[in-house]
Amino acid sequence: MAAYVTTDSLTSFFGLLSGVSTVKYASDYDVIKLTRQGLPKKVLLSLAGKISLTLQELAGIMHISERTLQRYEDDTVVKTEYAEKAIELARLYTRGQEVFGSMDKFKQWMKTPSHVFQSEMPVSLLDTSVGFDLVLRELGRIEHGIFA
């Protein structure tokens, strides 16, 4: 599955990553560079707050123990794989906001069990790349009026 992201989408998700350098990100290569550099813990926590995830939910998605995440200093740059997950989350939530027309509506949808996801909440699927893909595909269906 390919996720098509417009240039506006590419740059707009950086709004969810407050604390990231204000350098203009113009391409996927800039996102790769940012991912490889890593993100400070405070950016992860800010993202979690903006998308209404608890520390426990964030830790589960990141595959890190909640306690380990708590031990990091706010300015500590976390590993690349955590930065990558954070960027995926920011892109997903930006896409959801575009489809639903509001971040609040999308956040509510993410926390509502759905028969499409075998009665699980979409947010509970985000601990795997397949789960991310399922949620993105469903967003595409919703955008195009295709309901299960």
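## Asp104 and Lys107

In this predicted model, Asp104 is exposed, because its relative accessible area is 55%. Its salt-bridge partner is Lys107, with the closest N and O atoms 3.7 Å apart. Both residues belong to helix α7, where they sit 3 residues apart, so about one helical turn separates them. Helix α7 covers residues 103-110.

Is Lys107 buried or exposed? Lys107 is buried, because its relative accessible area is 17% and the cut-off for buried is under 20%. Leaving aside residues up to four places away in sequence, Lys107 touches Lys50, Ile51, Ser52 and Tyr93.

## The overall fold

Which kinds of secondary structure does the chain contain? The protein chain has 8 helices and 0 strands. Along the sequence, the pattern reads α-α-α-α-α-α-α-α.

The chain has 148 residues, and 39% of them are buried. Residues 24 or more positions apart account for 62% of them. The accessible surface comes to about 8,300 Å². Carbon and sulfur atoms hold 52% of that surface.

## The nonpolar core

In soluble globular proteins, nonpolar side chains tend to be buried together. Here, the largest nonpolar core has 41 residues. Those with the most contacts inside this core are Leu17, Leu39, Leu89, Leu92, Tyr93, Met110 and Leu126. Helices α2 (28-37), α3 (41-50), α4 (55-62), α6 (80-100), α7 and α8 (129-143) each give two or more residues to the core. Which element gives the largest share? Helix α6 does, with 9 residues.

Not counting residues up to four places away in sequence, Leu92 touches Phe106, Met110, Leu126, Phe132, Val135, Leu136 and Leu139. Met110 and Leu126 are also among the core residues with the most contacts.

## Two sides of helix α2

Where do the buried residues of α2 point? Val31, Leu34 and Thr35 are buried in this helix. Seen down the axis of α2, its buried residues fall within an arc of 100 degrees, so they line one face of the helix.

The face turned away from that buried side carries exposed residues: Tyr29, Lys33 and Arg36. Just after α2 comes Gly38, with a positive phi of about 90 degrees.

## Lys41, a buried lysine

Lys41 is placed in helix α3. Lys41 counts as buried, because its relative accessibility is 8%. A polar atom of the Lys41 side chain lies 3.5 Å from the backbone oxygen of Leu69.

What does Lys41 touch, not counting residues up to four places away in sequence? Its contacts are Leu69, Gln70, Tyr72, Glu73, Asp74, Thr76 and Val78.

## Salt bridges across the chain

Side chains of opposite charge can pair when their charged atoms come close. The whole structure has 8 salt bridges. One of them joins Asp75 to Lys42, with the closest N and O atoms 2.8 Å apart. Asp75 lies in the loop between α5 (66-71) and α6, and Lys42 lies in helix α3, so the pair ties together parts that are 33 residues apart in sequence. Asp75 is exposed, with a relative accessible area of 54%. Lys42 counts as partly exposed, at 40% relative accessibility.

Another salt bridge joins the side chains of Glu143 and Arg95, at 2.4 Å from N to O. Glu143 is in helix α8 and Arg95 in helix α6, so this pair ties together parts that are 48 residues apart in sequence. Glu143 is partly exposed, with a relative accessible area of 40%. Arg95 is partly exposed too, with a relative accessible area of 21%. Which residues form a network with this pair? A network of salt bridges links Arg95, Glu98 and Glu143.

Key. Residues numbered from 1 in each chain as written. Predicted model: local features only at pLDDT ≥ 70, side-chain atom pairs only at ≥ 80, totals over all residues. Heavy atoms only, no water. Helix = DSSP H or I, 4+ residues; strand = E, 2+ residues; numbered from the N terminus. Buried < 20%, exposed > 50% of the residue type's maximum accessible area, 1.4 Å probe, protein only. Contact = heavy atoms within 4.5 Å. Areas by Shrake-Rupley, 256 points an atom, 1.4 Å probe, with all protein chains shown as cover. Core = buried A, V, L, I, M, F, W, Y, C linked by side-chain atoms within 4.5 Å. Arc of directions from axis to C-beta. Polar contact = N/O pair within 3.5 Å; in protein donor to acceptor, adjacent residues only side chain to side chain. Salt bridge = Lys/Arg side-chain N within 4 Å of Asp/Glu carboxyl O.
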